[in-house]
Amino acid sequence: MVKEGKTYEQQLELSIQEDSDQGIDIPPHLKPDQTESYVFFDLETTGLGRKSDITQIAALTNGKKFQRYVIPRVEINIEASEVTGITYSHSTNTMYVRGQKVEPVTLQKALLDFISFMKEFNNPILIGHNICNFDILIISEKLKECNLFTTFSTIVKGFIDTLKVAKKYVSNSDIPNFKQETLVRHYLGETYLAHNAIEDVKALQSLYEMKLAHHIKSEDLYAFVYRKCLDSYSDILKSKAVSRLICVRLAKEGISLKHLKLAASRDSNGIKFVFEDHKVPQKSVKAFSEYLKDEE
(Lines give C-alpha, C1' and ligand atoms only; values in the text may rest on other atoms or scores of the structure.)
Protein backbone atom coordinates (compact mmCIF):
# COMPACT_ATOMS: atom_id res chain seq x y z
CA MET A 1 0.00 0.00 0.00
CA VAL A 2 1.44 3.40 -0.95
CA LYS A 3 1.51 5.93 1.86
CA GLU A 4 0.17 9.31 0.91
CA GLY A 5 2.12 12.46 1.76
CA LYS A 6 1.02 15.08 4.24
CA THR A 7 -1.49 17.57 2.92
CA TYR A 8 -1.79 21.23 3.88
CA GLU A 9 -4.76 20.33 6.11
CA GLN A 10 -2.74 17.70 7.96
CA GLN A 11 0.24 20.03 8.46
CA LEU A 12 -2.10 22.70 9.82
CA GLU A 13 -3.76 20.21 12.13
CA LEU A 14 -0.41 18.98 13.46
CA SER A 15 0.70 22.55 14.19
CA ILE A 16 -2.52 23.14 16.14
CA GLN A 17 -2.02 19.92 18.09
CA GLU A 18 1.50 21.01 19.07
CA ASP A 19 0.02 24.13 20.67
CA SER A 20 -3.39 23.06 21.98
CA ASP A 21 -4.35 26.62 23.00
CA GLN A 22 -3.54 28.10 19.61
CA GLY A 23 -6.48 29.98 18.18
CA ILE A 24 -8.89 28.89 20.93
CA ASP A 25 -11.93 31.11 21.27
CA ILE A 26 -15.41 30.74 22.64
CA PRO A 27 -17.84 29.73 19.88
CA PRO A 28 -21.02 31.76 19.38
CA HIS A 29 -24.48 30.46 20.19
CA LEU A 30 -25.27 27.60 17.82
CA LYS A 31 -28.53 28.00 15.93
CA PRO A 32 -29.81 27.59 12.37
CA ASP A 33 -29.92 30.89 10.47
CA GLN A 34 -31.27 29.73 7.09
CA THR A 35 -27.83 29.97 5.44
CA GLU A 36 -26.98 26.30 6.00
CA SER A 37 -26.76 23.40 3.59
CA TYR A 38 -28.24 20.16 4.90
CA VAL A 39 -26.04 17.19 4.02
CA PHE A 40 -27.60 13.75 4.50
CA PHE A 41 -24.87 11.45 5.68
CA ASP A 42 -24.23 7.78 6.50
CA LEU A 43 -21.39 5.35 7.15
CA GLU A 44 -21.07 1.61 6.80
CA THR A 45 -18.46 -0.02 9.02
CA THR A 46 -16.66 -3.26 9.81
CA GLY A 47 -18.78 -3.77 12.94
CA LEU A 48 -20.87 -2.07 15.61
CA GLY A 49 -18.01 -1.20 17.98
CA ARG A 50 -16.77 2.36 18.26
CA LYS A 51 -13.32 1.29 17.09
CA SER A 52 -14.72 -0.17 13.86
CA ASP A 53 -13.25 0.86 10.53
CA ILE A 54 -15.24 2.63 7.83
CA THR A 55 -16.12 0.64 4.70
CA GLN A 56 -18.40 3.20 2.99
CA ILE A 57 -19.06 6.94 3.26
CA ALA A 58 -22.05 8.48 1.51
CA ALA A 59 -23.61 11.93 1.49
CA LEU A 60 -26.28 13.75 -0.49
CA THR A 61 -27.32 17.39 -0.74
CA ASN A 62 -28.72 19.80 -3.31
CA GLY A 63 -28.75 17.03 -5.91
CA LYS A 64 -25.03 16.38 -5.42
CA LYS A 65 -23.91 12.93 -4.33
CA PHE A 66 -20.76 11.72 -2.58
CA GLN A 67 -19.74 8.09 -2.20
CA ARG A 68 -16.50 6.32 -1.39
CA TYR A 69 -15.84 2.71 -0.51
CA VAL A 70 -12.98 2.48 1.97
CA ILE A 71 -10.26 -0.12 2.44
CA PRO A 72 -10.71 -1.47 5.99
CA ARG A 73 -7.59 -2.09 8.07
CA VAL A 74 -9.33 -4.80 10.09
CA GLU A 75 -11.47 -7.74 9.08
CA ILE A 76 -15.14 -7.02 8.40
CA ASN A 77 -17.36 -8.60 11.06
CA ILE A 78 -19.41 -11.48 9.58
CA GLU A 79 -22.68 -9.94 10.80
CA ALA A 80 -21.73 -6.54 9.36
CA SER A 81 -20.86 -8.13 6.02
CA GLU A 82 -24.21 -9.94 5.93
CA VAL A 83 -26.06 -6.68 6.59
CA THR A 84 -24.13 -4.39 4.22
CA GLY A 85 -23.18 -6.95 1.58
CA ILE A 86 -19.61 -5.61 1.68
CA THR A 87 -16.69 -8.05 1.60
CA TYR A 88 -12.99 -7.29 1.33
CA SER A 89 -9.93 -9.48 0.75
CA HIS A 90 -6.69 -8.13 2.18
CA SER A 91 -4.66 -10.69 0.24
CA THR A 92 -6.00 -9.60 -3.16
CA ASN A 93 -6.99 -6.00 -2.21
CA THR A 94 -10.45 -6.48 -3.71
CA MET A 95 -13.85 -5.33 -2.42
CA TYR A 96 -17.27 -6.58 -3.45
CA VAL A 97 -20.71 -5.17 -2.65
CA ARG A 98 -23.41 -7.82 -2.98
CA GLY A 99 -21.21 -9.64 -5.47
CA GLN A 100 -20.31 -6.59 -7.56
CA LYS A 101 -16.68 -5.46 -7.55
CA VAL A 102 -16.04 -1.87 -6.45
CA GLU A 103 -12.88 0.22 -6.19
CA PRO A 104 -12.15 1.20 -2.58
CA VAL A 105 -9.70 3.95 -1.54
CA THR A 106 -7.59 4.44 1.57
CA LEU A 107 -9.20 5.98 4.64
CA GLN A 108 -7.08 9.10 4.27
CA LYS A 109 -8.10 9.57 0.63
CA ALA A 110 -11.79 9.02 1.44
CA LEU A 111 -11.71 11.59 4.26
CA LEU A 112 -9.83 14.17 2.19
CA ASP A 113 -12.34 13.69 -0.64
CA PHE A 114 -15.22 14.07 1.83
CA ILE A 115 -13.70 17.28 3.18
CA SER A 116 -13.42 18.64 -0.37
CA PHE A 117 -17.08 17.73 -0.97
CA MET A 118 -18.21 19.47 2.25
CA LYS A 119 -16.26 22.62 1.33
CA GLU A 120 -18.55 23.09 -1.65
CA PHE A 121 -21.47 24.03 0.62
CA ASN A 122 -22.25 26.93 2.90
CA ASN A 123 -22.30 26.11 6.64
CA PRO A 124 -23.01 22.40 6.10
CA ILE A 125 -25.03 20.55 8.73
CA LEU A 126 -24.80 16.76 8.72
CA ILE A 127 -28.12 14.94 9.02
CA GLY A 128 -28.17 11.24 9.79
CA HIS A 129 -30.04 8.55 11.69
CA ASN A 130 -28.47 7.56 15.02
CA ILE A 131 -25.34 9.52 14.11
CA CYS A 132 -24.92 11.07 17.56
CA ASN A 133 -24.15 7.71 19.15
CA PHE A 134 -22.41 6.03 16.22
CA ASP A 135 -21.44 7.70 12.92
CA ILE A 136 -20.15 10.93 14.48
CA LEU A 137 -18.07 8.95 16.98
CA ILE A 138 -16.61 6.75 14.24
CA ILE A 139 -15.77 9.49 11.77
CA SER A 140 -14.36 11.70 14.54
CA GLU A 141 -11.94 8.94 15.57
CA LYS A 142 -10.85 8.37 11.98
CA LEU A 143 -10.41 12.11 11.35
CA LYS A 144 -8.19 12.30 14.44
CA GLU A 145 -6.14 9.32 13.26
CA CYS A 146 -5.53 11.10 9.95
CA ASN A 147 -4.87 14.50 11.62
CA LEU A 148 -7.95 15.98 9.93
CA PHE A 149 -10.35 16.47 12.84
CA THR A 150 -9.78 20.22 13.31
CA THR A 151 -10.02 20.84 9.57
CA PHE A 152 -13.34 18.99 9.33
CA SER A 153 -14.83 20.52 12.48
CA THR A 154 -14.14 24.06 11.24
CA ILE A 155 -16.02 23.32 8.00
CA VAL A 156 -19.08 21.60 9.47
CA LYS A 157 -21.49 23.77 11.44
CA GLY A 158 -23.03 20.82 13.31
CA PHE A 159 -25.27 17.79 13.00
CA ILE A 160 -28.88 16.73 13.49
CA ASP A 161 -29.71 13.18 14.56
CA THR A 162 -33.03 12.14 13.02
CA LEU A 163 -33.37 9.27 15.49
CA LYS A 164 -33.47 11.77 18.34
CA VAL A 165 -35.85 13.98 16.35
CA ALA A 166 -38.20 11.07 15.60
CA LYS A 167 -38.25 9.90 19.23
CA LYS A 168 -39.03 13.44 20.32
CA TYR A 169 -41.78 14.33 17.88
CA VAL A 170 -43.25 11.08 16.49
CA SER A 171 -45.73 9.09 18.56
CA ASN A 172 -44.43 5.60 19.32
CA SER A 173 -48.02 4.34 19.26
CA ASP A 174 -47.85 4.68 15.46
CA ILE A 175 -44.78 2.50 14.89
CA PRO A 176 -43.09 -0.59 16.43
CA ASN A 177 -39.63 1.04 16.57
CA PHE A 178 -37.69 4.09 15.38
CA LYS A 179 -35.36 2.39 12.89
CA GLN A 180 -34.97 4.40 9.70
CA GLU A 181 -36.26 1.49 7.62
CA THR A 182 -39.41 1.31 9.77
CA LEU A 183 -40.05 5.07 9.56
CA VAL A 184 -39.58 5.11 5.78
CA ARG A 185 -41.91 2.14 5.31
CA HIS A 186 -44.58 3.59 7.63
CA TYR A 187 -44.57 7.21 6.51
CA LEU A 188 -43.46 6.99 2.89
CA GLY A 189 -44.91 3.56 2.08
CA GLU A 190 -41.58 2.58 0.54
CA THR A 191 -38.87 -0.03 0.96
CA TYR A 192 -35.25 0.42 -0.07
CA LEU A 193 -31.85 -1.30 0.06
CA ALA A 194 -31.11 -0.53 3.72
CA HIS A 195 -27.54 -0.59 5.05
CA ASN A 196 -26.13 0.60 1.78
CA ALA A 197 -24.97 4.08 2.74
CA ILE A 198 -25.98 5.86 -0.46
CA GLU A 199 -29.44 4.25 -0.46
CA ASP A 200 -29.80 5.11 3.24
CA VAL A 201 -29.12 8.81 2.64
CA LYS A 202 -31.54 8.97 -0.30
CA ALA A 203 -34.30 7.45 1.83
CA LEU A 204 -33.43 9.65 4.79
CA GLN A 205 -33.65 12.81 2.72
CA SER A 206 -37.17 11.88 1.60
CA LEU A 207 -38.20 10.99 5.16
CA TYR A 208 -36.73 14.18 6.58
CA GLU A 209 -38.32 16.49 4.03
CA MET A 210 -41.77 14.87 4.23
CA LYS A 211 -42.06 14.07 7.93
CA LEU A 212 -39.37 15.59 10.15
CA ALA A 213 -38.12 18.93 8.77
CA HIS A 214 -41.02 21.00 10.11
CA HIS A 215 -40.33 19.74 13.65
CA ILE A 216 -36.71 20.89 13.79
CA LYS A 217 -35.79 23.44 16.45
CA SER A 218 -32.49 25.04 17.46
CA GLU A 219 -32.16 22.55 20.31
CA ASP A 220 -31.99 19.67 17.80
CA LEU A 221 -28.72 21.01 16.37
CA TYR A 222 -25.48 19.69 17.91
CA ALA A 223 -21.97 21.04 17.42
CA PHE A 224 -19.81 18.57 15.51
CA VAL A 225 -17.39 18.61 18.49
CA TYR A 226 -20.22 17.69 20.90
CA ARG A 227 -18.68 14.40 22.06
CA LYS A 228 -15.24 15.91 22.48
CA CYS A 229 -16.70 18.75 24.55
CA LEU A 230 -18.82 16.40 26.67
CA ASP A 231 -15.74 14.31 27.44
CA SER A 232 -14.02 17.43 28.79
CA TYR A 233 -16.54 17.51 31.67
CA SER A 234 -15.84 13.95 32.83
CA ASP A 235 -13.97 14.97 36.00
CA ILE A 236 -16.44 17.61 37.12
CA LEU A 237 -19.28 15.15 36.49
CA LYS A 238 -17.50 12.57 38.64
CA SER A 239 -17.31 15.15 41.42
CA LYS A 240 -21.09 15.62 41.10
CA ALA A 241 -20.61 19.37 41.35
CA VAL A 242 -22.88 19.94 38.32
CA SER A 243 -25.57 17.98 36.53
CA ARG A 244 -24.96 16.01 33.35
CA LEU A 245 -27.86 17.90 31.73
CA ILE A 246 -25.98 21.21 32.01
CA CYS A 247 -22.82 19.67 30.58
CA VAL A 248 -24.81 18.25 27.68
CA ARG A 249 -26.33 21.69 27.02
CA LEU A 250 -22.87 23.26 26.93
CA ALA A 251 -21.37 20.49 24.79
CA LYS A 252 -24.21 20.78 22.26
CA GLU A 253 -23.15 24.41 21.83
CA GLY A 254 -19.53 23.36 21.29
CA ILE A 255 -18.49 24.70 24.70
CA SER A 256 -15.83 22.63 26.48
CA LEU A 257 -14.37 23.06 29.97
CA LYS A 258 -11.38 24.77 28.34
CA HIS A 259 -13.73 27.45 26.98
CA LEU A 260 -15.13 28.06 30.47
CA LYS A 261 -11.59 28.34 31.88
CA LEU A 262 -10.82 30.90 29.18
CA ALA A 263 -13.98 32.87 29.99
CA ALA A 264 -13.17 32.86 33.71
CA SER A 265 -9.60 34.06 33.04
CA ARG A 266 -10.88 37.00 31.01
CA ASP A 267 -13.52 38.25 33.42
CA SER A 268 -14.76 37.36 36.89
CA ASN A 269 -18.25 37.06 35.38
CA GLY A 270 -17.00 35.31 32.24
CA ILE A 271 -18.76 32.00 32.87
CA LYS A 272 -22.01 33.84 33.60
CA PHE A 273 -21.75 35.67 30.27
CA VAL A 274 -21.10 32.41 28.38
CA PHE A 275 -24.17 30.83 29.96
CA GLU A 276 -26.29 33.87 29.06
CA ASP A 277 -25.06 33.94 25.45
CA HIS A 278 -25.73 30.24 24.97
CA LYS A 279 -29.12 30.13 26.72
CA VAL A 280 -27.87 27.80 29.45
CA PRO A 281 -29.56 27.99 32.90
CA GLN A 282 -27.54 30.11 35.33
CA LYS A 283 -27.89 27.82 38.33
CA SER A 284 -24.56 26.04 37.69
CA VAL A 285 -22.40 29.15 37.19
CA LYS A 286 -21.26 29.19 40.82
CA ALA A 287 -20.46 25.46 40.83
CA PHE A 288 -18.30 25.77 37.71
CA SER A 289 -16.55 28.87 39.06
CA GLU A 290 -15.72 27.16 42.35
CA TYR A 291 -14.57 23.98 40.60
CA LEU A 292 -12.18 25.91 38.37
CA LYS A 293 -10.81 27.89 41.33
CA ASP A 294 -10.10 24.65 43.20
CA GLU A 295 -8.20 23.39 40.15
CA GLU A 296 -5.82 26.36 40.17
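In this predicted model, strands S2 and S3 form a hairpin with 2 residues between them. Asn62, in the turn, has a positive phi of about 50°. Strand S3 covers residues 64-69. The strands S2 and S3 run antiparallel and are joined by 6 bridges.

Strand S5 (residues 94-97) runs antiparallel to S6, and 3 bridges join the two. Met95 has Val102 as its bridge partner in S6.

Attention turns to the nonpolar interior. In soluble globular proteins, nonpolar side chains tend to be buried together. The largest nonpolar core of the model contains 58 residues. Within this core, Ile57, Phe114, Leu126, Leu260 and Phe288 touch the most other members. Helix H3 (residues 107-118) supplies the largest share of the core, with 8 residues. A second, separate core comprises 29 residues, among them Ile127, Ala166, Ile216 and Ala223.

Residues up to four places away in sequence are not counted here. On that basis, Phe288 touches Tyr233, Ile236, Val242, Ile246 and Cys247, among others. The contacts of Phe288 also include Leu250, Leu257, Leu260, Ile271 and Phe275.

Leu260, Ile271 and Phe275 also take part in a helix pair. Two packed helices are described by the angle between their axes and the distance between the axes. Helix H12 (residues 257-266) packs against helix H13 (residues 270-277) at an angle of about 125°. The axes of H12 and H13 are 7 Å apart. The two helices are therefore oblique to each other. From H12, the contact is made by Leu260, Ala263 and Ala264. From H13, Gly270, Ile271, Val274 and Phe275 contribute.

Ile24 is partly exposed, with a relative accessible area of 25%. Ile24 and Lys258 are 234 residues apart in sequence. In space, their C-alpha atoms are 8.8 Å apart. Leaving out residues up to four places away in sequence, Ile24 touches Lys258, His259 and Leu262.

Charged pairs were examined next. Side chains of opposite charge can pair when their charged atoms come close. The count comes to 15 salt bridges. One of them joins the side chains of Lys51 and Glu141, at 3.9 Å from N to O; the cut-off for such a pair is 4 Å. Lys51 lies in the loop between strand S1 (37-45) and strand S2 (54-61), and Glu141 in helix H4 (residues 131-145), so this pair ties together parts that are 90 residues apart in sequence. Lys51 is exposed, with a relative accessible area of 68%. Glu141 is partly exposed, at 28% relative accessible area.

Lys168 forms salt bridges with Glu219 and with Asp220. The N to O distance from Lys168 to Glu219 is 2.6 Å. This pair links distant parts of the chain, 51 residues apart. Lys168 sits in helix H6 (residues 162-169), and Glu219 in the loop between helix H8 (197-212) and helix H9 (226-231). Lys168 is partly exposed, with a relative accessible area of 41%. Glu219 also counts as partly exposed, at 43% relative accessibility.

For Asp220 and Lys168, the closest N and O atoms are 3.0 Å apart. Asp220 lies in the loop between H8 and H9 and Lys168 in helix H6, so the pair ties together parts that are 52 residues apart in sequence. Asp220 is buried, with a relative accessible area of 6%.

Salt bridges also link Asp53, Arg73, Lys142 and Glu145 in a network.

Definitions and conventions:
Residues are numbered from 1 along each chain as its sequence is written. This is a predicted model: local features need pLDDT of at least 70, side-chain atom pairs count only at pLDDT 80 or more; totals for chains, interfaces and linings use all residues. Side-chain values use heavy atoms; hydrogens and water are left out. A nonpolar core is a set of buried Ala, Val, Leu, Ile, Met, Phe, Trp, Tyr and Cys residues joined through side-chain atoms within 4.5 Å. Buried means under 20% relative accessible area, exposed over 50%, partly exposed in between (1.4 Å probe, protein chains only). Helices (H or I, at least four residues) and strands (E, at least two) are DSSP runs, numbered from the N terminus. Contact means heavy atoms within 4.5 Å. Two strands pair if DSSP finds at least two bridges between them. Axes are lines fitted to C-alpha atoms, for helices over the stretch in contact, and angles run from 0 to 180 degrees between N-to-C directions. Angles under 35 degrees count as roughly parallel, over 145 as roughly antiparallel, 65 to 115 as roughly perpendicular and the rest as oblique.
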